[in-house]
Amino acid sequence: MDKKQYERPIIKSLNTGLMNKFGTRTEYAALTHIEGVSVKSLLKDYGSPLFVLSERKIRENYRNAKRVFETRYPKVQFAWSYKTNYLNAVCNTFHQEGSWAEVVSRFEYEKAINNGVPGDKILFNGPDKTDSDLRLSIENNSPIHIDHLDELYRLTEIATEMDKKPRVAIRVNMDTGIYPMWDRFGFNYENGQAWDAINKIMASGKLNLVGLHCHIGTFMLTPSAYGVAASKLSELALSFKNQYDQDITYLDLGGGFASKNTLKGSLLPGADSVPEIYEYAEAITTAILNAGFAPDDLPYLYLETGRAMVDDAGFLLGSVISNKRLSDGRRATIMDFGVNIMFTSFWFDHKISPAQEFGHHTEDTILYGPLCMNIDVVRENITLPPLKPGDQVVVHHMGAYNISQSMQFISLRPAIVMIDTDKKVHLIKAAETLETLEKGEVLPEYLKEFNI
Ligand SMILES: *Cc1c(COP(=O)(O)O)cnc(C)c1O
């Protein structure tokens, strides 16, 4: 065991009211290894900071979600939400497990094609599909999820011109009892827009309506909202059957299940308060099974689960740059990773573990990133042992959205590795360089020279 760090005795005033009911003990134990690989060696080999993904955890999450849904419902298909984390290594791990792809833009669509996903297994969502995007997805027989009437009309026109009958779904938004309601995407259920869109599709005869889609929100903490959504989609499907004597092939309940991250302001850590995936599964499958479909006519259930599949499979490792005392005496620690690669720190209090053993003394600390801007706060208040420059930490629940939403602002983006199921480490994205940043930049000739 490493020698414990000596901590000089200090006298400090105790503020009442800062303790939680478990005392002022640090939240977390040291975490020296991830999937059996030492944090120190990872940072030594790939530099600091560093994103680390656990392949084992991704597969475990996927298999658990699949099992939980398939034991409750006979026809289930997952489609990986590319925007949640579109590293090819992550996408392909999901594809190897049997997941299709769910994309919301042209480049995501092309990524899925390049990864080898068959066109008819790419669900195309999003409000911004160009004519060329629509043509490509019609050629590839991809289900197109229509967001608004203009898209419906353009698609009808393009389908006529191509003399093909594209497979489509409409995106439906609805009141599920969760506010604010996500009503900017798709057609509203309560005011009749969704039914109107269905009738328009059927009247044109140019599109093959195969599915109904909804995505009611993200990090949804109320499984019963999904029950409401599944009931409303089922109701539409049954009305459709009644009116047109055709079956809807699939109901797509979108994504939005919460991961175990801790929302800012919540009383308990996410690990203790967030619903388990089976609770969402129970709400959804019960609603569809009880909606009144004949057993042979049950629609497929598609799920586009993103964050709940990948968040806890991702870690960010980093190092301490320095400590300082703020003017009010609070301890501040400056880390080498900031909000430019931790976009989700605006919503979540990420669990952060020191990567080396520590003593008993802890102190409330504010964790800053390295950026030269005041909002670069990684944690506003965290109880940590004193960390010295060079000490390392592990940030948990970093797999969802942080990588796809990261940006090179002041700091370039770090390397990303994946630890495979045999504990072998693979570089899946190299750290950026100035060259990466300047790629595509064009400096006009007349600006190349100056004299100062
Ligand atoms: C973002 C998104 C998802 C994934 O959402 P999560 O909250 O990450 O599960 C699924 N479907 C659509 C249409 C999306 O936009």
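Predicted model: local features only at pLDDT ≥ 70, side-chain atom pairs only at ≥ 80, totals over all residues.
Residues are numbered from 1 along each chain as its sequence is written, and side-chain values use heavy atoms, leaving out hydrogens and water.

Back to the domains. Domain 1 is 20-53 + 312-433 and domain 2 is 55-310, with bounds from an automatic or database domain assignment. Their centres, taken over C-alpha atoms, are 33 Å apart.

Now, which residues are closest to the ligand? Of the 16 surrounding it, the closest are Lys 83, Thr 218, Gly 256, Glu 304 and Tyr 401; being near takes a heavy atom within 4 Å.

Let's look at some atom pairs. Glu 304 puts a side-chain N or O atom 2.6 Å from a ligand nitrogen. For Tyr 401, a polar side-chain atom is 2.6 Å from a ligand oxygen. Gly 256 uses its backbone instead: an N or O atom there lies 2.7 Å from an oxygen of the ligand. And the cover? Taken alone the ligand exposes 390 Å², and the protein buries 95% of that, by the Shrake-Rupley method with a 1.4 Å probe.

Conventions. Polar contact = N/O pair within 3.5 Å; in protein donor to acceptor, adjacent residues only side chain to side chain.
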